[in-house]
Amino acid sequence: MGKYSELLAIIRQEAGVEGRMAVAFSGGVDSSLVVKAAVDAGLEVLAVTVNSPLFSRADMENALAVAKEIGVTHIVVNSSYMPENTTMRCYHCRKNMARLWKKSAVQEGFHVVADGVTADDVDDIFRPGVKASTEENILHPLADAAFTSEDVVAAAKEVGLGVWNRPSNACLASRISYGEEITLEKLGMVEEAEEFLHGMSEAIRVRMHNGIARIEVMPRDFGKILERREGVVSTFKKIGFVHVVLDMEGYRSGSMNEGI
């Protein structure tokens, strides 16, 4: 628990004399650990979750459940923001989100806002969202404590967070290829397709390329998809996809950025 103790000390320092911290809270393991650590550090804590078409209903349900598990004050803020789908999509989206986090926090009397950015995120060569939140003065206590993704999982398990082994996720807009318009219909198609595949692999992405559904799962789970090939194709076409393909490289984070 030595590293976790260091995280608590950093969080106390970043909260300042007010002893209060708002946390941008998705319900994923990273932001959940920050909320838990802030509570363990003795702070008054506010978890702020954005409810948007860009995020799945399953993610919202999970955020509500984790906030209840931790026992933290939790608010949900609605947003209809829809980003332009350029290579800087994440930058502009995170700018919008960060301003919403701050506005909501201030309304509740909180002036320090942190997120779940890790040291791995900071080191990633293409993370424009991290740059945007930093510019908006959102704190990154995990990164400041040199927590990698592996450190986060280990600490979350150690402190008893039920979400410790939940796979990382990203907004539904990240599934739509750059340059293609992001619409409510397309976001819904991706969400429905991923819900259908739920349980077939520990990591699942359905990437959309102008009517083509590119399925990413862990390579060891290819067989599960192929065994249900006819059902997968039939369901995806009913959802609205024209073609359905299995990515032979398997799941990897940020695959849409590979052509940049």
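I started with a crossover: strand β1, helix α2 (residues 29-40) and strand β2 form a right-handed β-α-β unit. Right-handed here means that, with the strands pointing away from the viewer, the path from the first strand over the helix to the second runs clockwise. Helices (H or I, at least four residues) and strands (E, at least two) are DSSP runs, numbered from the N terminus.

I noted that the model is predicted: local features need pLDDT of at least 70, side-chain atom pairs count only at pLDDT 80 or more, and totals for chains, interfaces and linings use all residues. Residues are numbered from 1 along each chain as its sequence is written, and side-chain values use heavy atoms, with hydrogens and water left out.

**Around β2**

I looked up the pairing next (two strands pair if DSSP finds at least two bridges between them). β1 (residues 20-24) runs parallel to β2, with 5 bridges. R20 has E44 of β2 opposite. On to β3 (residues 73-78): this strand is parallel to β2 and joined to β2 by 6 bridges. There L46 has T73 as its bridge partner. I found another right-handed β-α-β unit here, built from β2, helix α3 (residues 57-70) and β3.

Buried is under 20% relative accessible area, exposed over 50%, partly exposed in between (1.4 Å probe, protein chains only).

**Cores**

I turned to the nonpolar cores (sets of buried Ala, Val, Leu, Ile, Met, Phe, Trp, Tyr and Cys residues joined through side-chain atoms within 4.5 Å). The largest holds 41 residues, and W101, L197, F236 and F241 have the most contacts inside it. Helix α4 (residues 89-107) gives the largest share of this core, 6 residues. A separate core has 35 residues, including V66, A67, L161 and V163.

I then followed F236 (contact is heavy atoms within 4.5 Å). Beyond neighbours within four places in sequence, F236 touches A193, F196, L197, V206, A213, I215, F241 and V244.

**The three-stranded sheet**

I looked up an open sheet of 3 strands, ordered β5-β6-β7, with mixed pairing. Its edge strands are β5 (204-209) and β7 (243-246), each pairing on one side only. From one strand to the next, the twist averages 25°. β5 and β6 (residues 212-217) are antiparallel, joined by 6 bridges. H209 has I212 of β6 opposite. Helix α9 (residues 184-197) packs on the sheet, touching β5 and β6, and its direction makes about 145° with that of β5. Axes are lines fitted to C-alpha atoms, for helices over the stretch in contact, and angles run from 0 to 180 degrees between N-to-C directions.
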